[in-house]
Amino acid sequence: MNSEIRDVSLAPSGELKIDWVRKNCPLLRSLEEEFVQEKPFLGVKIALSVHLEAKTAYLCKVLAAGGADMYITGSNPLSTQDDVAAALVAAGLKVFAWYGSTPEEYDRHISRVLEAGPNIIIDDGGDLVHALHTKYPHLIPGVIGGCEETTTGIIRLMAMEAKDQLRFPMVMVNNADCKHLFDNRYGTGQSVWDGINRTTNLIVAGKIVVVAGYGWCGKGVAMRAKGLGARVVVTEVDPVKAIEAIMDGFDVMPMRKAAAIGDFFVTVTGCCKVITKEDFLEMKNGAILCNAGHFDVEIDMAGLREMALSAREQRKNIMCYEVKKDHFIYVLAEGRLVNLAAGDGHPAEIMDMSFAIQALSARYLVTHKDTLTEKLISVPREIDLDVAARKLKFMGKSIDALSPEQEAYLHSSAVS
Ligand SMILES: NC(=O)c1ccc[n+]([C@@H]2O[C@H](COP(=O)([O-])OP(=O)(O)OC[C@H]3O[C@@H](n4cnc5c(N)ncnc54)[C@H](O)[C@@H]3O)[C@@H](O)[C@H]2O)c1
């Protein structure tokens, strides 16, 4: 079977969405032009598992323009947009994904892209890499390497590498400056509030927003909450990050204490059970909870469903749980990434940079396939700087360059 999607007749709406992304992603457009000439991926099969919305679709088209034979699936059951998947199929790419897939369907779609016998893996959260190592180890010899998009995926790769289980090189795309400094911080910061606002249609100004985790994403979510007029409380487990939050002007306290005062809660830690049953019981009537971390484990949804006296869908993507008699809390998008499951994900201009890093890292793997020795590879600095320089140019900005004298001064040990 060539593809498994909901309905190919949805393609026209997906095509318009992808066209909008293309128009707003000059960096990816420039790479598409280069790839059409160079065909770096000719004869290369790429399996991709990334949130399947229009930006990802454009990345797939850019890779296909470079000659890649693309096998595409999503990386979350609720983030696939069926019209976008249809547009890719109409363009001749192979897609195995639909919105609202069951756990069995999700696994089957992962299997379908792997059964193609890919040479390059583009993963978001580690599901492809995990399935390759556990279910399809016989396909590993054909894999040149892969790229991992997000923090959680890299944590999983590091755990595999520590046990000497990783069998092919993986580029840590998330750790490139042009990825996490902008995508995690400004992308998540903006798109999380877009998801919350369009889903709830409630005011943020004057409310108390609790942000769990003050990493790259948490900083962005807290910064934008402040901009919307909220009072922000941060919860952390790392004392250094906690001090950063305090110095940035936010209050810091344990979750149990924050639970009692928050109006909105956003978890973005990459950790599990950040908000638990005991916290739900402390919360104000009407508190709104959501998650922006990769997996739906940060809010203890199983515990909440178990303890709830009643549960019902209040609005699209809002579930209402009665945690005590006549006392309700609301969870957005079933505790899955709110910006993707209840929104369109990061702004296009942000993904322009993240996916340029992906595309150039994939090309790096292909062009260096005979010399790759490390299993966990940092994005080469030249790629990061290339992406930054191109982006700056497309932003219409220029910067100074070091003179030979300045260059010599910066590399000299002499004090003058
Ligand atoms: N929603 C999105 O579009 C999106 C985008 C990028 C990354 N992510 C995901 O978001 C998560 C966070 O990514 P990041 O780049 O900010 O990671 P990060 O490592 O920079 O930050 C995570 C922070 O959470 C803190 N933390 C860990 N456990 C905690 C706990 N129990 N309570 C409170 N704080 C805790 C850590 O100390 C750290 O400061 C990951 O799962 C990542 O994959 C989501």
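Mentor: Gladly; we will take helix pairs and then domains. The model is predicted, so local features need pLDDT of at least 70, side-chain atom pairs count only at pLDDT 80 or more, and totals for chains, interfaces and linings use all residues. Residues are numbered from 1 along each chain as its sequence is written.

Trainee: Why is helix 15 called oblique to helix 16?

Mentor: The axes of helix 15 (residues 348–367) and helix 16 (residues 381–394) come within 10 Å and cross at roughly 140°. Angles under 35 degrees count as roughly parallel, over 145 as roughly antiparallel, 65 to 115 as roughly perpendicular and the rest as oblique. Helix 15 is therefore oblique to helix 16.

Trainee: What makes helix 5 and helix 6 roughly perpendicular?

Mentor: Helix 5 (residues 103–115) and helix 6 (residues 127–134) have axes that come within 10 Å and cross at roughly 70°, so the two are roughly perpendicular to each other.

Trainee: Which residues make that contact?

Mentor: Ile-110, Ser-111 and Leu-114 of helix 5 meet Asp-127, Leu-128, Ala-131 and Leu-132 of helix 6. Contact here requires C-beta atoms, placed from the backbone, within 7 Å.

Trainee: How many residues are in contact between domain 1 and domain 2?

Mentor: The domain assignment gives domain 1 (8–179 + 346–394) and domain 2 (188–341). In domain 1, 11 residues are in contact with 10 residues of domain 2. The centres of the two domains, taken over C-alpha atoms, are 29 Å apart.

Note on methods:
Axes fitted to C-alpha atoms, helices over the stretch in contact; angles between N-to-C directions. Helix = DSSP H or I, 4+ residues; strand = E, 2+ residues; numbered from the N terminus. Domains from an automatic or database assignment. Contact = placed C-beta atoms within 7 Å.
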